Amino acid sequence: MAHVLKLNEDIIRGIAAGEVVERPASVLKELMENSLDAGAGRIDVEWREAGRKRLRVSDDGEGMTPEDARLSLERHATSKIRNLDDLERVGTFGFRGEALPSIMAVSRFELLTRRADAPEAWALRAEAGRVTFDGPAGAPGGTSVTADDLFFAVPARLKFLKSDPTERSLLFRAVEDAAWAAPRTAFRVISEGKATLSLPALGGEETGMMERLESLWGVDRAQSLKPVDESGRFMRVRGWVSDVNAPQSTARYQRFFVNQRVVTSRRLSHALYDGYRGRLLVGRHPAALLFIEVDPTLVDVNVHPAKREVRLSHESEVHDFLSRAIQKALGRSVQPRTVFGAPRADLDVPPEFSPLPTGISSGVGRGSFAAPKFQRGPSTAEVQAAFAVQSPLSFFPGPGGDRLESSQELTPEYFREAKFEPVAQLYATYILARVEENYFLFDQHAAAERVLYEVLSEKAATGIPAKQSLLLPWVWEPSPEASAVVLAQKMDFERLGYSLEPFGGNAWRILAVPAALAEGDKVRSLLEGLVDDILAGRIPRGWDALVTRAACRGSVKAGDPLALPEMGHLIQELQRAPRPWTCPHGRPAFLRFSDDDLAKRFHRV
Ligand code: ADP
Ligand code: MG
């Protein structure tokens, strides 16, 4: 080891930049927070190539003098705190004095600023941290910061960036967070050259927040929210949470603010889910926008370089207070809609008293029996073990080759032509059907998925998707990022059977929907669900993945009660499908067992 040397200023800056600036969205967050700290009434944001090529934030805030502008690029230069005492009760977003120097260190940077009383504006330009211009310029009052070619000087960092849609989605989220925290500020976003979002400044405390919610989270989602407002000894919580009947398929729509600062906190998330305990299905999430106000001295904001996490004293009181406030907002008297005749999940029935699934439903009338969705139905493996049945693949020359192991010759032709007679629904998940001396057990979801998959992809292959025109076109107003997904994958959605046209701003007019999905209210939530899946990275790019997902989302689920005619209809449709043996994911769609199988199982032979 050679001598210990003090690192030069460039390297120190580069290292520090990594802490604050990890991706375009973190740059955007810092710049908007600076604008808000400068008292901006209006913030304009612009990005190109998801922020890699250009990121610009302009405001009409107080601006800086040339001296201050120069100083602001030095590390630990801040106008916001003066001493340790101030750190105890910071009311501004920034205080560490690290953002501008860090951003400057990794981009082609320009700071353009003017105080209202200054005769002219001042510009500072820099490349990878070195100032290349320092002089007067023309500009209106306020500040505009541009970071071009982000990370051009640190290519290693570029490799950690995700795809454009993902980075863009994070940019939108950053705007969203600033917009929640600053209702009195107007925001405008130009994304990839297109005016994408325009949020007017709101007057009063909460008036208009609903409008902002509709613009940012989409109209349907916003309108399903319930208000929360609860005051306690240490704190107050206000905001909105989703109704138990309108759960989300992702955890994306959950934001917590502590004293106007957006935070992530496991404790707060836990408290949120705790408020919904027993009322959400597995894989479902609440939406929540919650503003928590506590005495600033009880919060430590200086625990994370990007100030994303906070430490709260009295954590467990905050937790309990929050989950009780949510329970109250949801109203305990509401029955979970998803359960038909199942035990009330919110009553916390001790397990030994919970009604056992009765097993077999007559199939007459809906709701006569259903597996409580909160309990696990029998797995395929368990059914297999119980009946010692074999997968249809062992009877039919399916994709696995021709292995005919059964005593009776069951062929694809036999399956297709058989006259199935549905007998009962088991656990609201399986359909028991008889054909001659054979009994078949269908997995209703797997079967329905296969049917829908074939319909959707077959129609798409012919180039003529079966569309159902809507008598009344439906105007869909999703969030800006959801709208961007639809724009990018418009062809795929059209191939699925949707007809969509832009309808101003982020809105779309839906003129037709896939015919196979046209019934019921599903078709609306399906489109939203698919977009959510894409945003959450759950659908790999590509057409097949989208159809598979659409088939899954559009199909009858395990736990949905079916009447006998519906069961018969589903089986007939499966009989017509080209590959009826499995669902598109490869799970068996049905199992067969015969008199012989049962006889063996009961040791009769
Ligand atoms: P911090 O926000 O932690 O103080 P920054 O590096 O983000 O550190 O900014 C340094 C200083 O530059 C701020 O304290 C503020 O005085 C000034 N500044 C930055 N952005 C703006 C802006 N948009 N308008 C006015 N002043 C700004
Ligand atoms: Mg700052």
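A residue counts as buried when its relative accessible area is under 20%, as exposed when that area is over 50%, and as partly exposed in between. Keep this at hand for the exercises below, which all work on a predicted model.

**Exercise 1. Classify S242, and find where S242 sits and what S242 touches.**

Solution. 
- Step 1: S242 belongs to strand β10, which covers residues 235-242.
- Step 2: apply the cut-off. The relative accessibility of S242 is 0%, so S242 is buried.
- Step 3: list the neighbours. Leaving out residues up to four places away in sequence, S242 is in contact with S224, L225, Q248, Y276, P286, A287 and L330.
- Step 4: follow one of these contacts. L330 is one of the residues that S242 touches, and L330 is also among the buried residues of α11. That helix is the topic of the next exercise.

**Exercise 2. Check the length of helix α11, then describe what covers its buried residues.**

Solution. 
- Step 1: compare spans. Helix α11 runs over residues 315-330. Its 16 residues should span 22 Å at 1.5 Å a residue, and because the end C-alpha atoms lie 23 Å apart, the two values agree.
- Step 2: pick out the buried positions. These are V318, H319, F321, L322, S323, A325, I326, A329 and L330.
- Step 3: recall helix geometry. With 3.6 residues a turn, residues three or four places apart in an α-helix point the same way.
- Step 4: name the cover. It includes β9 (225-231), β10, β11, α10, β13 (288-294) and β15 (311-312).
- Step 5: G331 follows α11 and has a positive phi, near 75 degrees.

**Exercise 3. Describe how α10 and α11 pack: at what angle, with what handedness, and through which residues?**

Solution. 
- Step 1: take the geometry. Helix α10 (residues 266-275) packs on α11 at an angle of about 35 degrees, and the axes are 8 Å apart.
- Step 2: assign the hand. The crossing of α10 and α11 is right-handed.
- Step 3: list the contact. From α10 come R267, L268, H270, A271, L272, D274 and G275, while α11 supplies E315, S316, V318, H319, L322, S323, I326, Q327 and L330.

**Exercise 4. Find the largest nonpolar core, and say which element gives the most to this core.**

Solution. 
- Step 1: Nonpolar side chains tend to be buried together in soluble globular proteins.
- Step 2: find the core. The largest one has 60 residues, and those with the most contacts inside it are L28, M32, W47, F109, W180, F187 and W217.
- Step 3: name the main contributor. Helix α7 gives the most to this core, with 8 residues.
- Step 4: look at that helix. Of the 18 residues in α7, 13 are buried. The helix covers residues 164-181; at 1.5 Å a residue it should span 26 Å, and its end C-alpha atoms are 26 Å apart, so the check agrees.
- Step 5: zoom in on L28. Apart from residues up to four places away, L28 touches V45, W47, L55, V57, L171, A174 and V175.
- Step 6: note the separate core. Another core, of 29 residues, lies apart from the largest one, and W474, V513, L526 and L527 are among its members.

**Exercise 5. Find out whether R52 is buried or partly exposed, and what R52 contacts.**

Solution. 
- Step 1: locate R52 in the loop between β1 (42-48) and β2 (54-59).
- Step 2: use the cut-off again. R52 has a relative accessible area of 21%, so R52 is partly exposed.
- Step 3: gather its contacts. Beyond four places in sequence, R52 is in contact with P24, D148, D149, L150, L161, K162, S163, D164 and E167.
- Step 4: take D164 from that list. The C-alpha atoms of R52 and D164 are 8.9 Å apart, although 112 residues separate the two along the chain.

**Exercise 6. Compare the backbone setting of E192 and N259.**

Solution. 
- Step 1: Most residues other than glycine have a negative phi.
- Step 2: read the two angles. E192 has a positive phi of about 50 degrees, and N259 has a positive phi near 45 degrees.
- Step 3: E192 is in the loop between β7 (186-191) and β8 (194-199), and N259 is in the loop between β11 (254-258) and β12 (261-263).
- Step 4: A relative accessible area of 32% makes E192 partly exposed, and at 28% N259 is partly exposed.

Definitions and conventions
Residues are numbered from 1 along each chain as its sequence is written. Chains are lettered from A and ligands numbered from 1 in the order in which they are written. This is a predicted model: local features need pLDDT of at least 70, side-chain atom pairs count only at pLDDT 80 or more; totals for chains, interfaces and linings use all residues. Side-chain values use heavy atoms; hydrogens and water are left out. Helices (H or I, at least four residues) and strands (E, at least two) are DSSP runs, numbered from the N terminus. The expected span of a helix is 1.5 Å times one less than its number of residues. Buried means under 20% relative accessible area, exposed over 50%, partly exposed in between (1.4 Å probe, protein chains only). A nonpolar core is a set of buried Ala, Val, Leu, Ile, Met, Phe, Trp, Tyr and Cys residues joined through side-chain atoms within 4.5 Å. Contact means heavy atoms within 4.5 Å. Axes are lines fitted to C-alpha atoms, for helices over the stretch in contact, and angles run from 0 to 180 degrees between N-to-C directions. A crossing is left-handed if the near helix is turned anticlockwise from the far one by less than a right angle, and right-handed if clockwise.
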